[in-house]
Amino acid sequence: MILSCQNISKSFGTDEIIKNASFHIEDHEKAAIVGINGAGKSTLLKIIVKELEPDEGMVTTAKDKTIGYLAQNQVIDSDRTIYEEVLSAKQSVIEMEQEIRRMEQEMESVAPEKLEAFMEKYERLTHQFELADGYAYRSEVTGVLTGLGFLEEEFQKKQNELSGGQKTRVALGRLLVTSPDILLLDEPTNHLDMESVQWLENYLLNYKGAVLLVSHDRYFLDKTVSKVIEVFHQKVHTFLGNYTDYAQKKAQVRAAELRAYYNQQQEIRHQEEVIAKLKSFNREKSIKRAESREKMLDKIERLEKPAEEMTDIHLRLEPCIQSGNDVLKAEGLKKSFDAKTLFEQIDFSVFRGERVALIGNNGTGKTTILKIINDMIKADAGEITLGTNVHIGYYDQEHQVLHAEKTLFDEISDDYPNLTNTQIRNVLAAFLFTNDDVFKRIADLSGGERGRVSLAKLMLSEANFLILDEPTNHLDITSKEILENALVHYEGTVLFVSHDRYFINKTATRILDLHEQQILNYIGNYDYYLEKKDVQRAVQSKEADALPESEPLKKESDGRQDWKQQKKEQAAKRKLENELNKTETRIEQLEEEKKELEEEMSKPEVAVISAKVIGLHDQLQQIEKELEELYVRWEELTNLI
């Protein structure tokens, strides 16, 4: 065991945040702390690194083990460059290297009688340098910075020129290069694009030390952790497995607790009715029996009703009118800023009922495309065409139409007077505003909180085409799940930009990948995109290489398959793949049944009962006939695919 927290309690004023929290982390273990916003996840990390003192309890770490901590927000004001800042984590290795170089220069001038001792010291130092990966430390720094999404031309940027997100990435890079025995990471994926998050997943999976992280990125948690520590209503519970395992076990535990609570309540009511009935007889024996039952009832340890979760809240989105089948068509879009071209010759369409995710690395122009569609900025070339009866609802965290003087409750109720107080509170609760929070003024909210209010209002609008820019930012996991459920059952059309891969996987029916200034189309969710992206990108790269330098890439409508034809072919392929999966499942099932029948027939006590043998034999023949047909169909499907 490398880290232990025992009976940790922490309050701020009258607010009890954590009560008697106990958990431990083993050597090399990867674990996550999860819970709604405000549950106390970051507080726990700060207690572990001694930034906060617990009211009660104790944190213990194994002897001589080092802890590295990444906070959510970094305050860095330094003249050092990005590269110098991360390289400074290797100061001890740099000093060893300098000492080795100094000794090498002095080697020829060392007196003969001192040479043996000098060489022993030199060999010890070079061995120590080798153990510290001294010959690779510069390439390690470069690899970490590149993995976290920095371009080599950015390495020389000064710290004080960076955004908050860039500073956090630099701090993460420096921490990873330091290689502490325990890594504590608070929302490490917040400022990373998809490729950088995937790089970090692989890095942490191969990390030799232990990792304890806080994150709302469920896809990231599924890939990296094998233990989940949940903070829920001040209490801490530990679940083995990744996030999906935790979610399933949590649901089972809550269902069992609810059953036990309601069963006990039913038993208590039954006993109370019996007691009342016995007393009503007004006879000595009956009264004694009633008193005896009352004593037994008083001794029962009453179960508390499991705390309510926001998963009981459901948002329902209904467009005012149905749009035409063609919702949006983009043709020949191009946009540059100064000398940098973000994209050119971009063509894509969106059709009614689709949920389309626009993905790509940071800086490729995803948000720019959304702003062009909403006529907030002009394209350098190309055209946007909206279909019949299309009404856009746009969510952009930078452009929120809210009234600073109003409360949250009034902001919703004034725009939607038909909603009841309960409905308004439920909508606000889905976006993390509960109890007296609903009476806060808009002017007093943080930027993230205002974004959540804007998203709540948009979800209530009757638009039939929702355009969302990073809708899950500032939402905890429970709120993300409520939003996912609302979008999946939405009868309109959705186009959104997101880095949340779990959210994309749950909601997207199609993915547009903005890659190397072009759009690549994938009909499916994020898992399908991962499966096919390398092949698709390779095809695009070959097509580009095959063209003469003077000939530009042709438009999608000219050089590539028509979108509808591609959709039709991919749908046909998926249908065949589904049938193949069902065929394989049925074959496995029948082979198991066949095995069981053969074992039954071979039993001596069965062999003497002719009627039973005949019945089993008939069943066996039917199975073999169906298996023969399935084998043939399996071969046909395999060839077709």
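Begin by selecting Leu145, Leu172, Leu183, Leu185, Leu204, Leu213 and Leu221, which touch the most other members of the largest nonpolar core, a set of 49 residues. Such a core is a set of buried Ala, Val, Leu, Ile, Met, Phe, Trp, Tyr and Cys residues joined through side-chain atoms within 4.5 Å, where buried means under 20% relative accessible area with a 1.4 Å probe, protein chains only. Next colour helix 6 (residues 164-178), from which six residues, the largest share of this core, come; helices (H or I, at least four residues) and strands (E, at least two) are DSSP runs numbered from the N terminus.

The model is predicted, with pLDDT of at least 70 needed for local features and 80 or more for side-chain atom pairs, while totals for chains, interfaces and linings use all residues. Residues are numbered from 1 along each chain as its sequence is written, and side-chain values use heavy atoms, without hydrogens and water.

Now centre on Leu213, whose contacts (heavy atoms within 4.5 Å), leaving aside neighbours within four places in sequence, include Ala31, Ala32, Ile33, Phe220 and Val225. A second, separate core of 45 residues can be picked up through Ile412, Ile424, Ala456 and Met459, which are among its members.

Then move to the open sheet of three strands, ordered 11-10-13 with antiparallel pairing; two strands pair if DSSP finds at least two bridges between them. Strand 11 (340-351) and strand 13 (381-386) are its edge strands. Between strand 10 (residues 326-337) and strand 13 there are five bridges, and Leu328 stands opposite Leu386 in strand 13.

Notes: Buried means under 20% relative accessible area, exposed over 50%, partly exposed in between (1.4 Å probe, protein chains only).
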